[in-house]
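Reader: I am new to this structure. Please show me how to read it, one feature at a time.

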Amino acid sequence: PIPQEAPQPCNGNFRPNFTYLEKTIDRRLHGQPLVYDLVTRSVRDHFGSHAPHKALVLSFHGPPGVGKNYITGMIAEALFEGGLGSPYVHHYSATKDFPHKDDEHIMQYKDRLLKEVPEKVKTCPYYMFIFDEMDKMPESVVDTIKPFVEENPHQDGVDYRKATFLFLSNTAAGPIIDKTLELRRRGIDRALFVLKDFDQIIRNHALAEQ
């Protein structure tokens, strides 16, 4: 018998290229050494594992114009044929998809996510979800996403551990800029910035805005 070729995940659209990601970020995203280290390591570790413990979650914070959407595009390009245009990449905008704050609309948004996210992951276990303007999203809608990204092998028969969730937020934009200027005044080069310099700032302001 003729050996059958193994089916390709996501109709062959999922084609991770870690080297491409590293070279693209290094060439196109300037002055963001923390982003380079965090993204390339996280993506390589997650998709290099045959059995990740949970979905890949990356959260990008900062003011408009620092490259949050730019880096998500690079990640999509490195993982899927067609990048952001892939049928297995979906972008949600808080101001466009979840603009209202009243209880009736919030319930509709939650029901929508509880329906759409499982449906999409069933079509492609590596599905990528991008949630933009997270700081403008109703808190209870954000809570709806949490079960999909927690360390749980299955939710209602769907395995989310190979999926990717990217969260973009303007949270703590001002304090991040202030911290960057402070480090530069102390003579610390951007290439020597470490995540712990900013991690607590982001956590504190994210909690304060809830």
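**Reading the fold step by step**

Author: Start with one residue. At 7% relative accessibility, Ser93 counts as buried. Keep in mind that this is a predicted model.

Reader: Where does Ser93 lie, and which residues is Ser93 in contact with beyond its neighbours within four places in sequence?

Author: Ser93 belongs to strand β2, residues 89-93. Beyond neighbours within four places in sequence, Ser93 is in contact with Phe98, Asp132 and Glu133.

Reader: What separates the C-alpha atoms of Ser93 and Met137?

Author: Their C-alpha atoms are separated by 8.7 Å, while the two residues are 44 residues apart along the chain. Met137 is in the loop between β3 and α6.

Reader: Is Met137 buried or exposed?

Author: The cut-off for buried is under 20% relative accessible area. Met137 has 6% relative accessibility, so Met137 counts as buried. Leaving out residues up to four places away in sequence, Met137 touches Ala94, Phe98, Lys101, Phe131, Val142 and Ile145. Phe98 is also among the contacts of Ser93.

Reader: Now the whole chain. How many helices and strands are there?

Author: The protein chain has 8 helices and 4 strands. From the N terminus on, the order is α-α-β-α-β-α-α-β-α-β-α-α.

Reader: What share of the residues is buried?

Author: Of the 210 residues in the protein chain, 41% are buried. Now look at contacts between residues at least 6 apart in sequence: 72% of them join residues at least 24 apart.

Reader: Next, helix pairs. At what angle do the axes of α5 and α6 cross?

Author: Read the angle together with the distance. The axes of helix α5 (residues 103-123) and helix α6 (residues 139-149) cross at roughly 20 degrees and come within 9 Å. That makes α5 roughly parallel to α6. The crossing of α5 past α6 is right-handed.

Reader: Which residues of α5 and α6 meet?

Author: From α5 come Ile106, Tyr109, Lys110, Leu113, Leu114, Val117 and Pro118. They meet Ser140, Val141, Thr144, Ile145 and Phe148 in α6. By class, this contact of α5 with α6 has 9 nonpolar, 2 polar and 1 charged residues. Ile145 is also one of the residues that Met137 touches.

Reader: How do α1 and α3 cross, and at roughly how many degrees?

Author: The axes of α1 and helix α3 (residues 68-79) come within 9 Å and cross at roughly 155 degrees. An angle over 145 counts as roughly antiparallel. α1 and α3 are therefore roughly antiparallel to each other. α1 passes α3 in a right-handed crossing.

Reader: Which residues make the contact of α1 and α3?

Author: On α1, they are Tyr20, Leu21, Thr24, Ile25 and Arg28. On α3, they are Tyr70, Ile71, Met74, Ile75, Glu77 and Ala78. By class, the contact of α1 with α3 has 8 nonpolar, 1 polar and 2 charged residues.

Reader: Last, the cysteines. Which residues does a disulfide join?

Author: Look for two sulfur atoms within 2.5 Å. The count is 1 disulfide. It joins Cys10 to Cys124, with S to S 1.9 Å. The link of Cys10 and Cys124 is right-handed, with 70 degrees about the S-S bond.

Reader: What parts does the pair tie together?

Author: Cys10 lies in the segment before α1 (18-28), and Cys124 in the loop between α5 and β3 (128-132), so the pair ties together parts that are 114 residues apart in sequence.

Reader: Are Cys10 and Cys124 buried or exposed?

Author: Cys10 is buried, at a relative accessible area of 5%. Cys124 is buried too, at 0%.

Definitions and conventions:
Residues numbered from 1 in each chain as written. Predicted model: local features only at pLDDT ≥ 70, side-chain atom pairs only at ≥ 80, totals over all residues. Heavy atoms only, no water. Helix = DSSP H or I, 4+ residues; strand = E, 2+ residues; numbered from the N terminus. Buried < 20%, exposed > 50% of the residue type's maximum accessible area, 1.4 Å probe, protein only. Contact = heavy atoms within 4.5 Å. Axes fitted to C-alpha atoms, helices over the stretch in contact; angles between N-to-C directions. Parallel < 35°, antiparallel > 145°, perpendicular 65-115°, else oblique. Left-handed = near helix turned anticlockwise from the far one by under 90°. Nonpolar A, V, L, I, M, F, W, Y, C, P; charged D, E, K, R; others polar.
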